[in-house]
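Trainee: I would like to go through this structure with you. Could we begin with the overall picture and then turn to the details?
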Amino acid sequence: MDATIVTDLFREFTPIAPMLIMLLGALAMPAVALGPKRRYSVSAAALVVIIASAAVNVILLLADYTGTYAGLFEYDAFAGLMILLFHTVVALVALVSSSSTETTKLHFGVFNALLLAATMGMMFVATANDLITIFVGVELASITSYILAAMKRNDPRASEAAVKYVIVGGLSTALTVYGLSMLYGVAGTTNIEEIAVALSTQGFTWAFGIALVTMIAGYGFKIAAVPFHMWAPDVYEGASSPVSAFLATGSKKLGIVVFFKIFLILFVTGTAVASFATEEVQYVFAIIAALTMTVGNVVAIAQNNIKRMLAYSSIAQAGYILIVLAVMSEYALTGGLFHMFTHVFMKGGAFLVVGALICAGVGEKISDYRGLGKRAPFMAFAMLLFLFSLAGIPPLAGFTSKLILFSATIFDGNGVMTQWIWLAFVAILNSAISLYYYARVVKAMYVEKGDAEKIKVPKAFTVAIAICVLFTIVLGVYPQLILDFCSSAAATLFG
Amino acid sequence: MIPIEAFLIFAAILFAIGAYGVLVKSNTIVVLMCIELMLNAANINFIVFSAFTTDVVGQVFVIMTITVAAAEVAVGIAILLNAYKTKGTIEADGLASMRW
C-alpha cells in the first residue's frame with residue numbers, strides 16, 4: 001500500500017501526523033461540548049477524531065513508512081503498532097463513556113479532551129527516540145490521567161484514589177527525571193541511540209547504576225510493577241469504570257513501551273561489551289517480573305471487589321510482559337507485543353462489563369454477580385470469555401499470546417533452551433493460580449442463584465463488549481492478524 | 001573552579017531530603033512540596049552536566065521539567081481541594097479507606 005495520500009497532506013510532519021489530528025481534536029473538544037447538550041454527540045465527535053487519526057496511522061503502518069521529525073520523533077513499524085494499540089484503547093473508552101452513569105455529566109467535553117490528550121501523550125512516547133520527548137509524553141499522559149481519575153466527583157473513593165495517584169505519580173516523575181539526568185550526564189546526549197553507543201564504549205559506571213535504579217523504580221510505578229504497585233488497585237477501584245479500563249490497558253502499556261524503548265535499545269546495543277553488566281540487569285528484570293506476577297495473582301485471590309480483583313490481575317499481566325525485558329530476545333518481544341494487544345481486549349472488555357453492570361445497578365462485589373448468567377446472558381458470557389482468556393484457556397486470545405511469550409522464554413529463536421526456564425515455570429504456575437479466582441467469578445455468575453430480574457445495559461456498552469469478544473476469539477484462532485506486525489515491530493527495535 | 005562532584009553531591013542531598021519528606025510527612029501538601037524538591041535536584045543535575053559539557057540540551061530539558069512540574073502541582077492542588085471537599089481532610093491518615 002502507498003502512503004502518498006498522507007505524505008502529500010502532511011509533508012515533513014508525516015511522522016507525527018496521527019498525533020497532530022489528536023491534538024486538534026483535543027483542543028476542539030471543550031468547544032464541541034458547548035454546542036449540543038447531549039453527551040453522545042460529543043462522544044461521536046471524539047470518535048470521529050480517533051478514527052481519522054487511526055486511519056492515517058493504519059495507512060502509514062501498512063505502507064511500511066519510516067521517517068523522523070526534528071530528530072525527536074521516529075515513526076517505524078514499532079511506533080505504528082503501538083499507536084494502533086493506543087487508538088484501540090481510546091476508541092473503546094470513548095465509545096462507552098457517554099452512556100456510563102459514572103462519568104461526568106457537567107464537564108463531558110473536558111473529559112473527552114483529556115482522553116484524547118492522554119492518548120496523544122502515549123502516541124508521542126511510542127514515536128519518541130529522545131529522552132526529552134519520552135519524558136514529556138509520559139507526563140502528558142500521566143497528568144491528564146490524574147484528572148480523569150478524579151473526575152468522578154462527589155465520590156469519596158474517587159477523590160482518595162486521585163490523591164494517591166497524583167502523589168505516587170509525582171514521586172515516580174521525580175525518580176525518573178533524576179535517573180534521566182544521570183543518564184544525560186553519563187552519555188552527554190539525550191538521543192537514545194547515541195546514549196546506547198556512548199554507553200557501549202565506556203561500559204558500566206556508578207552513575208549509570210544510579211540512573212538504572214531510579215529509572216526502573218520510576219517507570220516501575222507507571223506499570224505498577226511490584227514493589228511499586230500499591231497505588232494501582234486503589235486507583236482502578238476508585239475511578240469510574242471506563243477510566244479504569246483506560247488506565248489498566250492504556251497507561252500501563254505506556255510504561256511498558258518506555259521500558260522497551262529505553263532498556264531494550266540500551267542493552268541490545270550494550271551487549272557487545274563484556275564490562276556492560278547486561279546479564280545482571282536481566283536478572284533484576286526477571287526477579288521483578290516473577291515478583292510482579294506472583295504478588296498480583298496471590299493477592300487477587302483475597303479480593304471481594306471485582307474491580308480490585310481485576311486490578312491485581314492486571315498487575316500480574318504486566319509481570320508476564322516484563323518477561324520480555326529479562327529474556328531480551330526478538331522472539332520474546334514479538335510475544336510480549338502480541339500479549340499487550342490481547343490484554344487490551346481481555347482486560348478492557350472485563351472492565352467494560354463491570355462498568356456496564358454498574359450502570360444497570362449491579363454492585364462491584366463478586367457476590368453481586370450471583371445468577372448473572374440468567375439475568376444478563378450476554379454480559380455473563382462475555383465476562384466468562386474475558387476471564388478464561390486472561391487465565392489462558394485455549395482457543396482464546398490470551399492462550400495464544402501466553403503460548404508465544406512463554407515458549408520464547410524457554411527456547412530462543414533457534415530452538416536452544418535458555419536460562420529462563422524457571423521464569424516460564426513461575427509464569428505458568430501463576431496462570432494456574434489465576435484460574436482459581438477467575439473461576440470464582442464464573443461460579444458466582446453461573447452456578448450460584450441470585451435475583452431473577454433481567455438486567456438491561458446501555459447499547460454502547462454492548463457494542464464495545466461485542467467488539468472485545470470478537471477480537472478475543474479472532475486473535476485466539478487467527479493470531480496472524482496482529483502477529484505479523486508484532487514480529488516486524490520487534491525486528492525494528494532489535495535491528 | 002568548583003569540581004562537578006560538589007554540585008552532584010548537593011543535588012543528591014536535596015533529592016534525599018525530598019524522598020525522606022515524601023516518605024514521612026502526613027500532610028499531602030508538604031508531600032507535594034517534597035516532590036518539587038526531588039524534581040529540583042534533578043534540574044540541578046541537568047544544569048551542572050550542561051554547564052560542564054557546554055551542551056545546551058540539558059538546559060532545554062530543565063525548562064521542560066519546570067513546565068511539567070508546574071502543571072503537576074496545579075493538578076495536584078486541585079485534586080487535594082476536591083479531596084478536602086468530599087472527605088474533609090487532606091492528611092494521609094484520613095485518606096486510607098482503601099487498603100489491600
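Mentor: We shall take the overall fold, then the packing, the chain contact and some backbone details. Please keep in mind that this is a predicted model.

Trainee: What does the secondary structure of chain A come to?
Mentor: Chain A has 20 helices and two strands. Its radius of gyration is 21 Å, close to the 23 Å that the globule rule gives for 495 residues, so chain A is as compact as a globular protein of that length. The C-alpha trace spans about 70 × 50 × 45 Å along its principal axes.

Trainee: What percentage of chain A is buried?
Mentor: Buried residues make up 64% of the 495 residues. As for the contacts in chain A with a separation of 6 or more, 80% are between residues 24 or more positions apart.

Trainee: And the largest nonpolar core, which residues touch the most other members?
Mentor: That core has 235 residues, and those touching the most other members are A:Leu81, A:Ala149, A:Leu322, A:Ile323, A:Leu352 and A:Val353. Helix H7 of chain A, residues 156-187, supplies the largest share of this core, with 19 residues.

Trainee: Take A:Leu352, then. What is it in contact with, leaving aside neighbours within four places in sequence?
Mentor: With that exclusion, A:Leu352 contacts A:Leu92, A:Val96, A:Ala245, A:Phe461, A:Ala464, A:Ile465 and A:Cys468. A:Met379 is 27 residues from A:Leu352 in sequence, and their C-alpha atoms are 9.7 Å apart.

Trainee: Is A:Met379 buried or exposed?
Mentor: A:Met379 has 25 C-beta neighbours inside 10 Å, and therefore counts as buried, for which the cut-off is 20 or more. A:Met379 lies in helix H16 of chain A, residues 377-391. Leaving aside neighbours within four places in sequence, A:Met379 is in contact with A:Val353, A:Ala356, A:Leu357, A:Leu372 and A:Val457.

Trainee: Changing topic: how do H4(A) and H5(A) pack?
Mentor: Helix H4 (residues 77-97) and helix H5 (residues 108-127) of chain A pack at an angle of about 170°, with their axes 9 Å apart. H4(A) and H5(A) are therefore roughly antiparallel, since angles over 145 degrees count as such. The residues in this contact include A:Met82 and A:Phe86 of H4(A), and A:Leu115 and A:Met122 of H5(A). The contact residues divide into 12 nonpolar, four polar and no charged.

Trainee: How many residues of H10(A) are buried?
Mentor: Eight of its eight residues are buried, and helix H10 spans residues 231-238 of chain A. Among them are A:Trp231, A:Asp234 and A:Glu237.

Trainee: Now the contact between the chains. How many residues does each chain give?
Mentor: Chain B gives 37 residues and chain A gives 34 residues. On the side of chain B that touches chain A, H3(B) gives the most, with 17 residues. That side of chain B divides into 24 nonpolar, 10 polar and three charged residues.

Trainee: Lastly, the backbone. Where are the cis peptide bonds that you noted?
Mentor: One cis bond joins A:Val226 and A:Pro227, with omega about 5°. A:Pro227 is in the loop between helices H9 and H10 of chain A. Another runs from A:Pro394 to A:Pro395, with omega near 5°, and A:Pro395 is in the loop between H16 and H17 of chain A.

Trainee: What about phi at A:Asp64?
Mentor: Phi of A:Asp64 is near 55°, a positive value in a residue other than glycine. A:Asp64 is in the loop between helix H3 and strand E1 of chain A. With 12 other C-beta atoms within 10 Å, A:Asp64 is exposed.

Conventions: Residues numbered from 1 in each chain as written. Chains lettered and ligands numbered in written order. Predicted model: local features only at pLDDT ≥ 70, side-chain atom pairs only at ≥ 80, totals over all residues. Helix = DSSP H or I, 4+ residues; strand = E, 2+ residues; numbered from the N terminus. Rg over C-alpha atoms; globule rule 2.2 N^0.38 Å. Contact = placed C-beta atoms within 7 Å. Nonpolar A, V, L, I, M, F, W, Y, C, P; charged D, E, K, R; others polar. Axes fitted to C-alpha atoms, helices over the stretch in contact; angles between N-to-C directions. Parallel < 35°, antiparallel > 145°, perpendicular 65-115°, else oblique. Core = buried A, V, L, I, M, F, W, Y, C linked by C-beta atoms within 7 Å.
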